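Subject: Model for you to look at

Hello,

Here is the model I promised. Please open it alongside this note.

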Amino acid sequence: MAEVLKLLRSAPWSARFGLVVILFYVVVAVFAPVIAPFSETEIVGAEFEPWGEPYLLGTDNLGRDMLTRLVYGARNTCVFAFITSCLAFLFGCFFGLMAASLGGWVDQALSRFVDVMMALPSLIFALLLLTILGTSVPILIVVIAFLDSSRVYRLARAVAMNIAVLDFVEVARLRGEGLGWIIGREILPNSMPPLVAEFGLRFCFVFLFISALSFLGLGIQPPTADWGSMVRDNATLITYGDITPLLPAGAIALLTVGVNFVVDWFLHKTAGLRDDQ
Amino acid sequence: MTSKGKAANGHGGAKGDILLEMRGLRIEGQADETWHEIVHGVDLTLRRGEVLGLIGESGAGKSTIGIAAMGYTRPGCRINGGSIVFDGIDLTKADESTKRRLRGARIAYVAQSAAASFNPAHKLIQQFAEAPVQHGKLSASQAEKDAKVLYKRLQLPNPDTIGSRYPHQVSGGQLQRAMVAMAMACKPDLIVFDEPTTALDVTTQIEVLAAIKDVVHQFNTAAIYITHDLAVVAQLADRIMVLRYGDLVEEGETRSMLAQPKQEYTRQLLAVRSYRRDEAPPTHEDPPLLEVNNVSASYGPLIKVLEDVSVTIERKRTVAVVGESGSGKSTLARAITGLLPPFEGTVKFRGETLPPSYKQRSKDQLRRLQMIYQMPDVALNPKQRVRDVIGRPLAFYLGMDEKARKQRVRELLEMIELPMDFAERLPGELSGGQKQRICIARALAAEPDLIICDEVTSALDQLVAEEILKLLQRLQDELEVSYLFITHDLATVRAISDQIVVMLRGRVVEQGGKTEVLTPPHHEYTDLLLSSVPEMDPDWLDNLLEKRAAVG
């Protein structure tokens, strides 16, 4: 605990800001029912009401409270993005480390398959798959995780390749250790820093990706509150000079910036970089 | 450059004016967010045309001081006291542009690894011309003409055309000389040599040393020569400063210091290569522990790196394999361990033929043949504590439970002369020598019959290396293991081997008992290797070059 505090004290302002932002989102997501003044899907007033009492940020195109939707959006979109990135990492790291440790045809087969996946623009690929498979939440999660795992695979393989040639891995191989030990005990613990950093960035990308899909109508389906679809549904307000549709967009931007600040700091620390270099 | 005060005559006599003077130099380095002093007030005086040797083990601050002579510190370091006056300019107070004008033009630097210091994308001669043109000293064509003269002076092959090659197209020793030439480009007043021969083979080291000695005297350049090898610096330096932990231990004229060292530490450094052990008599056992029969191996189908190599190792004996880099000695180790399955020949261990690849070998066969690596830094998993590193072979091969493991780890730590509480440390919290000891303990934990030591001391400071050699020797006496000792350092060979195998370009050129191989007449190549090992005698290099010139 004392170490964590010491670490935080040494963090630059950007990282502290990022941490505060993330913490804020987590609190909002966890306590959404307590914080939100209304329920998520309830129609409480007329459409497009202006800011004021009792609808602090007005209402949306169906007359639902904007603030409530924003708060629930944090919960839905963040949790969704988190699960998806976890899954993408599970797949990506597993196959990436396998490819790096085994090499040979396993590596060839996996890598060429990933090349094919990466050759298709992921948004188009996702639209295609979602049109075929439908847009229920589990399918959405698996499809996005599948697409993203190809990027994670690339990184995990590259990092593990550099570690797999080090002498201590050779020592383990010569000792007669199995693949499980070599990947789990020798390679994985030493490839964590870049992977953790990548996790932060990936989370942001997934987040934006979901929002983009929702904006196109293939993401999280109504009436579930989601920032991407909220931007789309209320976009007309912009023409009247009302900034309300920008709020969910702003919420996405703020979280992305916050996560990136923290990731930058983390990378900086683990890479042993200095400011004067 | 003639306007800068006429430098005094050459070697040995009275030197000219003071060129560089450091007074009470203090340098701090940053670690864990706090500043630690790494150089504690060192005084240094260098006159024109004089060569000063800075010697000490790693962490002595010798490189830090050497670089400070250019008014520069490594990232994460800062000068926090004292003065560095170069020809009347205090570099601690001078602004960046003043220092930029000096660096490259009047003070030059030769780094340890020439390969890492050259830009691989440009030709040698372009990189040579960069500094003089940048400083406005010479035109590009004039600089190239100068380069050819210097290349010739430094005895590089084909001096007229070698400059048009890229760094990867010349050998390590040639590249190092090209770097010396580059440092000489502006005819500087001072050159800082930072371990320029440490990464080279002994035979190549001689060429570079001779070249440096020649040009430094020819152009009457003052030099600071940084090294951890007293025998090397003895060949070049007029004066030597011995450093330890950022303090000056002893300073004096080279000859008088070698003849009468005043401090105990200097005496230890002088005695460093004197450790000797008598050859153990051959046992003529049948079958021998390890028999390598006519092994050939290659990387890919074309590049043969081992050809028809046969070596025999008997129980409780040490076989040393010597040769320059590229001689195939490490490949021999890889062929024996099965990392590189040989395509011809067999490896017999305890009378039975081992499968060529380690993947097909049984757990027991793997256990009996252990390996210790050159770089203890990468041979230990940085995320595993010492108790796990040593404990793993105990659990894996011998099936010990946690309690038995703990007990055994203690015993092993005692054997390698490290305190018990080291069991909880991570490799990052150990010094180089301690890490190597842990690697030894890990090998011993498997209770092997044979340990292959691949250059185990070459990454260590000399005093530490000697401790490791003594430890290995003691362990052999106690545990009756055999060693296959791969090294390029003949001093190590002399110290601990019973039998010597000399390798050249993938073939064995000579092998036999230690006394037999080390007593003349030698094979031509063995002779070259043996005579290239630097000795503490300051006249050694001159005598050797004279002798070789007379013969050749």
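Predicted model: local features only at pLDDT ≥ 70, side-chain atom pairs only at ≥ 80, totals over all residues.

Residues are numbered from 1 along each chain as its sequence is written, while chains are lettered from A and ligands numbered from 1 in the order in which they are written.

The sheet comes first. Chain B has an open, mixed sheet of six strands, ordered β16-β17-β18-β13-β19-β20. Strands are DSSP runs of E, at least two residues, and helices are runs of H or I, at least four, numbered from the N terminus. Strands pair if DSSP finds at least two bridges between them. The edges are β16 (369-372) and β20 (507-513) of chain B. β17 (450-454) and β18 (482-487) of chain B are parallel, with five bridges. There, L450(B) sits opposite S482(B).

Now the cores. A nonpolar core is a set of buried Ala, Val, Leu, Ile, Met, Phe, Trp, Tyr and Cys residues joined through C-beta atoms within 7 Å. Buried means 20 or more other C-beta atoms within 10 Å of the residue's own, with C-beta atoms placed from the backbone. The largest core has 140 residues, and V321(B) and L484(B) have the most contacts inside it. Helix α4 (66-102) of chain A gives the most to this core: 15 residues. Apart from it lies another core of 86 residues, including M70(B) and F86(B).

Best wishes

Definitions and conventions
Buried ≥ 20, exposed ≤ 12 C-beta atoms within 10 Å, placed from the backbone.
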